[in-house]
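Hi,

Here is the model I said I'd pass on.

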Amino acid sequence: MAPSWWSKEDSHRGTPVVVKMENPNWSMVELEGPTDEDFLMADSPSRARGKNAKQFTWVLLLKAHRAAGCLTSLGSAMLGLASAIRRRVASGRTDTDGDGDGDDSEPRGGGGGGRGHEKSRFYFCIKLFLLLSLVLLGFEVAAYLKGWHFGAPHLQLQYLWEMEFDGVKGAFDWVYSKWVLIRVGYLAPPLQFLANACIVLFMVQSLDRLILCLGCFWIRFKKIKPVPKGGPLDLESSESGYFPMVLVQIPMCNEKEVYQMSIGAVCNLDWPKSRLLVQVLDDSDDPTTQFMIKEEVQKWHKEGANILYRHRVIRDGYKAGNLKSAMNCSYVKDYEFVAIFDADFQPAPDFLKRTVPHFQDNEELGLVQARWSFVNRDENLLTRLQNINLTFHFEVEQQVNSVFINFFGFNGTAGVWRIKALEDSGGWLERTTVEDMDIAVRAHLHGWKFIFLNDVECQCEVPESYEAYRKQQHRWHSGPMQLFRLCLPDIIKSKISIWKKFNLIFLFFLLRKLILPFYSFTLFCIILPMTMFIPEAELPAWVVCYIPATMSFLNILPAPKAFPFIVPYLLFENTMSVTKFNAMISGLFQLGSAYEWVVTKKSGRSSEGDLVSLVEKEPKHQRGVSVPDLAEMKEEIRQQEQKAKKKKHNRIYTKELALAFLLLTASARSLLSAQGIHFYFLLFQGISFLLVGLDLIGEQVE
């Protein structure tokens, strides 16, 4: 029975404490916390102690109930994970099966004929390392069981030379002792040299990252912000306002999920209609998609928008060829600026008002780039990790380079170019798969300056599936290496300053595009596992843990809400180094997949309600004009999406799986040498590769 003080009506009531249980099976309980008067009750100390003890017991019980609920949820999650793995293995679909089974993100154009051979060579090397590591692990375990317990750098080599082995029992000891001597004399020195070289590159890149973060901090501390020389634009005073002729281009290819939102957003830009022309550059080869886009353009044209539809018969040169063809139109000469938006981008109505005024009275300015924001950044773990990377890219890299050197890589969309700068730099070229970086480098060599606006955002999507993200990253990391090979002579011969040449060659290309993926893959995926089997070559703990953790902390600073994902971010970046390293090598040595352009798959999440709103909206009937049947179009899109979902599937990625087993094998070997921090790093990195290899990190298709 409860104490009398608990049920008395006239008893003193303390501060109520409400404890809510996340598990719906538990009820809500209200407790009473002590007040100041309770602590002043000197006449009855036992009474106060009993009351507080009762409350403390209830709190402990509720905590236990909550822990039980968490364990239940964890068990359900593990069962779901096991079920997903079983389905993935049972399906047997791998990344070597080809990409042509209903996937809209297929290669545009040729150049991918050698990709299968390239993949097989790279995968063969990884499998060879894995097989060797398994053999060595068995050998080391057998040696450990026979008493070979000494570890890495304290080997008693003189003792090994003087050992005598008798009979068959000593044969294994003789073989293992010779293996140790071979390791010490022939394998460890070159491995240690390579490790030291990668550590130096790692430290240089970390220093570059630290300097960029300090530059971003200085910009925030001083509140540095680009300001138009002509002052803010005032649309109310049209006579004195700055309204140059602006051309807007929307290149797209088979992107039926997102075409409506980009066309609608551009047609709603707050700019005088007589001084704005929209070009929808459709490279789609699907007749249904072409019809839908054309209908959308006609709809906006009937509502008064100055918009044109263009479709190329000969679709050469990927996106660069599409833009180049559009710029050759005779009416383009009447326009001074061109704004470019990809099919999934939605500029705000005031986008031009906040970007174009920066060109006024600034004849050296060639580009104004806006920042991206992502409508699906919280969709799954993969989108959250991408948001961390891209937030750092825009807020730190782009902003710092814009403020201090007036140069950065054009992001290919959400930017406004001065047409004269494009023409002066040679226009769009189809020689690489990164036409945006190509035109930016050539414009920089011709003396044009760039401005990045961190406070002007343009909404878009990030890939939700690992397959789409991996293809995107392959293009983003192979293209710069193609461009570097082509632009290096022009950079050396250019008339820009020595500092700008150094920045372009060493910082922009070599350090951030070549060295970063090289040391990430080589150091953490190859050298570190090898040092477990050749312990005479060592990697310090600060290289394995402390410096990477610090760099991940700096990367995540611009996105403070993502701090809970700092460990998955660190592991995932090392996992993606496989794709980035492979892409970098293919671009540098002009292998087949370097010239493969893949349209990134879009989900259209930000426009899911757009079509419904258009159907519900009462159409504006005009005399002699037929209104498109939006309900019929909506039904057709729904049927196509259902067909696409049936063809979509998750895959098994062989390179990632092979590396997962390699790292897990190395972690097991590290236990024999009692290398604590190395064991945990290899274990969790191996699990990360395993999850990515089984395609469990992004969009899951049931």
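**Aromatic pairs**

Counting rings of Phe, Tyr and Trp (its six-membered ring) as paired if their centres lie within 6.5 Å, I get 28 aromatic pairs. One of them is Phe410 with Trp417: the ring centres are 5.6 Å apart and the planes are at 90°, so this pair is edge-to-face (planes over 60 degrees apart; under 30 degrees is stacked, and the rest are tilted). Phe410 is buried at a relative accessible area of 3%, and Trp417 is buried too, at 0%. Here buried means under 20% relative accessible area, exposed over 50% and partly exposed in between, with a 1.4 Å probe and protein chains only. Both rings belong to one aromatic cluster, whose members also include Phe345, Trp372, Phe394 and Phe508.

Before you go further, a word on the ground rules. This is a predicted model, where local features need pLDDT of at least 70 and side-chain atom pairs count only at pLDDT 80 or more, while totals for chains, interfaces and linings use all residues. Residues are numbered from 1 along each chain as its sequence is written, and side-chain values use heavy atoms, with hydrogens and water left out.

**The chain overall**

The chain has 21 helices and twelve strands, taken as DSSP runs (H or I, at least four residues, for helices; E, at least two, for strands) and numbered from the N terminus. Of its 702 residues, 51% are buried. Taking contact as heavy atoms within 4.5 Å, 80% of the contacts between residues at least 6 apart in sequence join residues at least 24 apart.

Helix α15 (residues 498–533) and helix α20 (residues 654–672) have axes that come within 8 Å and cross at roughly 40°. The axes are lines fitted to C-alpha atoms over the stretch in contact, with angles from 0 to 180 degrees between N-to-C directions. That angle makes α15 oblique to α20 (under 35 degrees is roughly parallel, over 145 roughly antiparallel, 65 to 115 roughly perpendicular, and the rest oblique). On the α15 side, Phe521, Phe524 and Met532 are among the residues that meet α20, whose own contributors include Leu659, Leu662 and Arg669.

**A buried glutamine**

Gln473 is in helix α14 (residues 466–493) and is buried at 5% relative accessibility. Beyond its neighbours within four places in sequence, Gln473 is in contact with Met576 and Lys580. Met576 is 103 residues away along the chain, yet its C-alpha atom is separated from that of Gln473 by 8.7 Å.

Cheers
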